[in-house]
Amino acid sequence: MATARSLSSGCGLCGRTMFLQRCGGCSVMYYCNRDHQAAHRPRHKSACKAVSKARAKYEDEEQSLRNAPPDFMTPENVFETSVGLFWGILATRDYMRARFAFADALGKIKTKQAVQEQLGHLMDMLRLCRGDNLGVRALIPALMLRLNNDQQCYDFVKWWTLTSYEREYDWGNTDLPYLDIKNADPFEDITYLDCRGMELSHVVAVTLLKVKLVLDLQALENTTDVAGKKVPQEILNTLRSQAVTSPIIAGNREILERDNHHAATTLVTKQIRALYMAVDKANEHFWDSLVFYEKPELPQAFSRGSWEEAQLTLHYSYDSWLECPGALGFIEKVMDESD
């Protein structure tokens with residue numbers, strides 16, 4: 001099992017976070033001086049070139065689309081007049097494919113700046129094409145978790161899951177609500193996720209979110225044991241907020257002030273086991289691929305429940321698990337208990 005890794009926001013070589021200069025090639029790696037950039041170049045070169053090439057292709061396609069003369073199939077000013085409906089306009093498809101390829105290439109660089117840009121592009125692609133014919137939604141929840149946007153992750157997955165049930169939802173009607181679930185309860189019952197046709201990467205992301213919550217609840221228990229109950233509440237709250245990773249816990253005063261988290265830990269652990277079983281039922285290859293990681297071979301196509309689906313989901317999800325200390329060990333324990 002791999003060692004946990006944090007998402008870098010500093011110098012690619014030493015990690016320093018002040019007085020940084022951006023790499024002129026990829027624009028999402030940073031260095032504190034030219035010597036460090038040169039020293040890191042052998043490790044960064046391949047990813048940098050891939051991102052630079054994909055960015056150039058995407059920018060060329062955007063410029064071509066913006067300059068394309070309107071005709072009976074392509075409206076004028078398509079970026080303004082056809083928001084939400086892009087895939088239905090054939091002239092936009094090369095642009096959308098190039099932008100998706102660029103967003104995916106950004107995943108080769110493990111910096112906060114790269115993840116932020118990647119997420120920004122994918123969310124804007126959903127704005128342009130609500131029906132998401134390219135499936136960019138599969139990448140988004142894991143990226144949100146990597147940026148600690150845990151609540152946004154849960155809201156996104158819940159909206160997409162519940163809306164997919166609604167056969168009457170008109171994806172072409174841009175007046176309908178879209179991604180409008182906000183501040184849903186991440187501790188709530190999750191049986192709605194265990195459904196036929198589940199988005200595998202979404203359920204995997206919610207599983208990780210629940211693991212983060214349990215690890216944080218355990219950290220709060222440990223803080224209480226170490227600091228003792230005689231410490232003033234405000235100081236204890238500060239210590240507790242610094243001991244957790246999820247803003248869902250850190251921003252909840254009621255949870256921070258609670259001394260006993262046994263009931264909540266038991267509840268969420270039970271939910272994790274249910275989600276684990278749901279994922280395993282949907283794709284028997286995924287959990288082994290995650291825990292016993294080998295760099296995935298990216299398929300050109302997949303069917304539900306296939307090894308290829310597991311590999312693609314691993315490609316989208318693995319970094320989010322690796323960057324959460326204790327998460328892989330936790331799910332490996334769940335795996336052992338389920339055998």
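Which Phe, Trp and Tyr residues form one aromatic cluster? Phe156, Trp159, Trp160, Tyr169, Trp171 and Tyr178 do.

A note on the model: it is predicted, so local features need pLDDT of at least 70 and side-chain atom pairs count only at pLDDT 80 or more, while totals for chains, interfaces and linings use all residues. Residues are numbered from 1 along each chain as its sequence is written, and side-chain values use heavy atoms, with hydrogens and water left out.

**View 1. Tyr58 and Tyr95 form a tilted pair.** Searching the whole structure turns up 17 aromatic pairs. Here the ring centres of Tyr58 and Tyr95 are 6.0 Å apart and the planes are at 40°, so this pair is called tilted. The pair links distant parts of the chain, with Tyr58 in helix α1 (residues 34-67) and Tyr95 in helix α3 (residues 93-106), 37 residues apart. For the rules: rings of Phe, Tyr and Trp (its six-membered ring) pair if their centres lie within 6.5 Å, and planes under 30 degrees apart count as stacked, over 60 as edge-to-face and the rest as tilted. Helices (H or I, at least four residues) and strands (E, at least two) are DSSP runs, numbered from the N terminus. Tyr58 is buried at 9% relative accessibility, and Tyr95 is buried too, at 2%. Buried means under 20% relative accessible area, exposed means over 50%, and partly exposed is in between (1.4 Å probe, protein chains only).

View 2. Trp287 belongs to helix α12 (residues 286-291) and Trp321 to helix α13 (residues 307-322), so the pair ties together parts that are 34 residues apart in sequence. Both Trp287 and Trp321 are buried.

**View 3. The charged end of Arg66 sits over the ring of Phe79.** The distance to the ring centre is 3.9 Å. To count, NZ of Lys or CZ of Arg must be within 6 Å of the ring centre and within 35 degrees of the ring normal.

**View 4. The largest nonpolar core has 102 residues.** Such a core is a set of buried Ala, Val, Leu, Ile, Met, Phe, Trp, Tyr and Cys residues joined through side-chain atoms within 4.5 Å. The residues with the most contacts inside this one are Phe86, Leu122, Trp287, Leu290, Trp321 and Ile331. Helix α7 (residues 200-227) gives the most to this core, with twelve residues. Now zoom in on Leu122: leaving aside neighbours within four places in sequence, Leu122 is in contact (heavy atoms within 4.5 Å) with Phe100, Ala103, Val136, Leu139, Ile140 and Leu143.

**View 5. Helix α14 (residues 327-338) packs against helix α11 (residues 262-282).** The angle is about 70° and the axes are 11 Å apart, where axes are lines fitted to C-alpha atoms, for helices over the stretch in contact, and angles run from 0 to 180 degrees between N-to-C directions. α11 and α14 are therefore roughly perpendicular. By the cut-offs, angles under 35 degrees are roughly parallel, over 145 roughly antiparallel, 65 to 115 roughly perpendicular and the rest oblique. Thr269, Ile272, Arg273, Tyr276 and Met277 in α11 meet a set of α14 residues including Phe330, Ile331 and Val334.

**View 6. α13 also packs against α14.** This time the angle is about 110° and the axes are 8 Å apart. That makes α13 roughly perpendicular to α14. At the meeting place, Tyr318, Trp321 and Leu322 in α13 touch Ala327, Leu328 and Ile331 in α14.

**View 7. Asp132 has a positive phi of about 50° although it is not a glycine.** Look for Asp132 in the loop between α4 (112-128) and α5 (140-146). At 5% relative accessibility, Asp132 is buried.

**View 8. His202 is in helix α7.** His202 is buried, with a relative accessible area of 1%. Not counting residues up to four places away in sequence, His202 touches Arg137, Ala138, Pro141, Phe156, Val157 and Trp160. Phe156 and Trp160 belong to the aromatic cluster from the opening question.
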